[in-house]
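Dear colleague,

Please find the structure below, handed over for your review. My findings follow it.

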Amino acid sequence: MGWQAIDHWLGDGDYYGFNLSRYREAIAEYEKAWGLLVTPWQRKTMGTFILEGIADFALRSGDPELVGEILERLRRDSDGIPAAPLREACEKLSRIAGQPNQG
C-alpha cells in the first residue's frame with residue numbers, strides 16, 4: 001500500500017484548498033488518495049477522513065454545481081462507511097445543492 005502516496009495527495013490537496021482556495025484541484029488530489037484505498041478496511045478507516053475532506057472543500061467552495069457533483073460521488077463512495085461526520089457533511093451538501101438527503 002502506498003501510504004506515502006496517500007500522504008502526498010492529501011498534502012497537495014490541503015495546499016490547493018487551504019492556501020490557494022482552489023477547491024476543485026484540492027478535491028481532485030483527495031480523490032487520487034481515495035483511489036489508492038482498495039480494501040473495505042482501508043476505506044472504513046482512512047476513507048472516512050478523505051471523504052470528509054472532500055466534503056469540506058466542496059462546502060468551502062460555495063459552488064452549488066461542485067457541491068452537487070461531490071454529493072453524488074459521496075453518496076456512492078461512502079456506502080458502508082458509518083461515520084456521523086460524513087453523514088452530517090452530506091446533509092449540508094444536500095441543503096446547498098437543493099437536493100433531498102439520501103444518506
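A search of the whole structure finds 1 cavity of 30 Å³ or more, a cavity being a set of points on a 1 Å grid over the protein atoms alone where a 1.4 Å probe fits but cannot get out. The largest cavity holds about 30 Å³ of space, the volume being that filled by probe spheres set on the points, which are joined across faces, edges and corners.

This is a predicted model, in which local features need pLDDT of at least 70 and side-chain atom pairs count only at pLDDT 80 or more, while totals for chains, interfaces and linings use all residues. Residues are numbered from 1 along each chain as its sequence is written, and side-chain values use heavy atoms, with hydrogens and water left out.

The largest cavity is lined by Glu31, Leu51, Ile54, Ile70, Arg73, Leu74 and Asp77 (lining residues have an atom within 4 Å of a point). H4 gives the largest share of this lining, 4 residues; helices are DSSP runs of H or I, at least four residues, numbered from the N terminus.

Arg75 is located in helix H4 (residues 64–77). Its side chain makes polar contacts (here, N or O atoms within 3.5 Å, one able to donate a hydrogen and the other to accept it) with the side chains of Glu72, at 3.0 Å, and Ser94, at 3.3 Å.

Ala97 belongs to helix H5 (residues 84–97). Beyond its neighbours within four places in sequence, Ala97 is in contact (heavy atoms within 4.5 Å) with Val67, Gly68 and Leu71.

Terms used
Helix = DSSP H or I, 4+ residues; strand = E, 2+ residues; numbered from the N terminus. 1 Å grid on protein atoms, 1.4 Å probe; cavity = no way out; pocket = protein on both sides within 12 Å on 5 of 7 lines; lining within 4 Å.
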